[in-house]
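Try each task before reading its solution.

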Amino acid sequence: MSSQAQPKALQQTPIAGWSAVRLLRFTPVGLLLPLAIIALLELSVSRGWVPAWLMPAPSDLLMTFRELAGGPLWTHISASSQRVLLGFGIGAGLAVLIGTLVGMSRQLEAWLDPTFQALRAVPGLAWVPLLLIWLGIDEVSKVTLIAIGSFFPVYMNMVAGVRNVDRKLVEVGTQLGFSRAALMRRIMVPAALPYLFTGLRNGLSMAWLCVVAAELLAATEGIGYLLTDGREVSRPDLVLAAIITLALMGKLTDSLLKHLEKRMLGWRDNFNGKEQSQ
Amino acid sequence: MSALLRMSNIHKSFAELTVLEDVSLALAPGEVISLLGPSGCGKSTLLRIAAGLDTHFHGAMERNPLLDFGTGSGIGVVFQEPRLMPWLSVAENIGFADGRRADERWVRQLLRDVGLEGRGDALPKQLSGGMAQRVAIARGLYGRPQVLLLDEPFSAVDAFTRMKLQDLVIKLAAQYEISVLLVTHDLDEAVYLSDRVIILGGRPSRIVAELDVPLAQPRDRRAAELALIKGEALTALYQQPT
């Protein structure tokens, strides 16, 4: 270490063989904050700083999870996941199609975009009463709400993506005599993929938001139902278990998309946020 | 033989500004023509008209019916930038016109022709500027064109790469019997490559001089005859009103 130029006060005494530091180095940094919070909670509940009937200790929560995992947890997860998958599929699919068309045509944009922008301004939850009146309280209304919620982020990004396609690449297709459909399929959509993935990931988190909203109101199964159930029987551990499940499911599905994004966008030659040093 | 491309009395204006006035030229089979002029003189615009990318102009642009016969697309274009699709491999970029139904043997042949054998699976981001431009040239040749339009294709690469690419293009054009219309602002390049140098100048631009380069290919860059013709071209360039 050649730190002679540094002032003496800044020099640190190396702590030899301090194994905790070494352990930290091999732990993904993203895990540190949740672990710290869990440790703090456990401590404050066991010391009695926070009453256990308000905030169950993480160890109690683990017990609740074990109890749920033996029974209804999987039904709830699969019910919610199916709704998300179906609603998100429909909403995102329509958004990709309409977004590409609107992106390619100024005229279509003039016709459709103002309406979409107005609809986008309506909070997703405002549709709930209407959907309940129109479609009843069964699956259709839930899936529709999720589709509406996930449509707009995908649509917005798709339009922006198509509008950002390099004119020079489009010209290559024009020169080769491509039809409009071929331009769309072979140049616009692939070139807009980076935007599309941003939209899909935003849309997916909207889909999870909407599924909880729909299930809070009327459902007999689903993670949202678990939340209501926990409140009604005054069991914060149930509510927290539902929240943690939501966080995990959201993270899991987002990671899947992120993985797909990485695989499909390997061709990009962009700044990837890497630190310059090392 | 009649011309493959014939442009007669082309006028072109952007809004109020007229850039091209009464420009006529004809490209004969097997001929290499350079359009030379200062930047902003409308030479690229003329090429875009020839490529069919710009259809808002006055005058006539005739394609020989021969161009629309056979398997070829008639006209291939190589732009100033490589303009490769970044999400496609080198081979897929070359066969881009046909997508998945691309003729793989022909693509492999073109890869060999442009000196990129075995690099078909690389992505554009892995290529140097000169290599990317080679891919663009191969893509321009993929449609078996009878006319190749080149829009300052060597201006973005270093001098050494430029010489190599120039030799490559002139060799391939002769090999596949392709007529070439080359837009350039490089006098050496124009004289070295072409059978005819057309100099655009003035505001709005018109043809101010036309020089024949009656030397057989391959040429020697150091040849005295080339220097002589270069001198003539320089005189023509300096004589034009500013």
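**Exercise 1.** Which helices of chain A do the buried residues of helix 10 of chain A pack against?

*Solution.* Start with the ground rules. This is a predicted model, in which local features need pLDDT of at least 70, side-chain atom pairs count only at pLDDT 80 or more, and totals for chains, interfaces and linings use all residues. Residues are numbered from 1 along each chain as its sequence is written, while chains are lettered from A and ligands numbered from 1 in the order in which they are written.

Next, list the buried residues (20 or more other C-beta atoms within 10 Å of the residue's own, with C-beta atoms placed from the backbone). In helix 10 of chain A, residues 223-232, they are A:Ile223, A:Gly224, A:Tyr225, A:Leu226 and A:Leu227. Helices here are DSSP runs of H or I, at least four residues, numbered from the N terminus.

Finally, find the partners: helix 4 (73-104), helix 9 (180-217) and helix 11 (236-264) of chain A.

**Exercise 2.** Find the phi of A:Ser234.

*Solution.* Step just past helix 10 of chain A, where A:Ser234 has a positive phi of about 50°.

**Exercise 3.** Describe the span that UniProt labels "domain: ABC transmembrane type-1" in chain A.

*Solution.* First, take the limits from the unreviewed UniProt entry: residues 73-257 of chain A. Such annotations may be inferred rather than shown by experiment. Then read off the secondary structure: residues 73-257 of chain A are 87% helix and 0% strand. Last, check the ends, whose C-alpha atoms lie 24 Å apart.

Notes:
Buried ≥ 20, exposed ≤ 12 C-beta atoms within 10 Å, placed from the backbone. Helix = DSSP H or I, 4+ residues; strand = E, 2+ residues; numbered from the N terminus. Contact = placed C-beta atoms within 7 Å.
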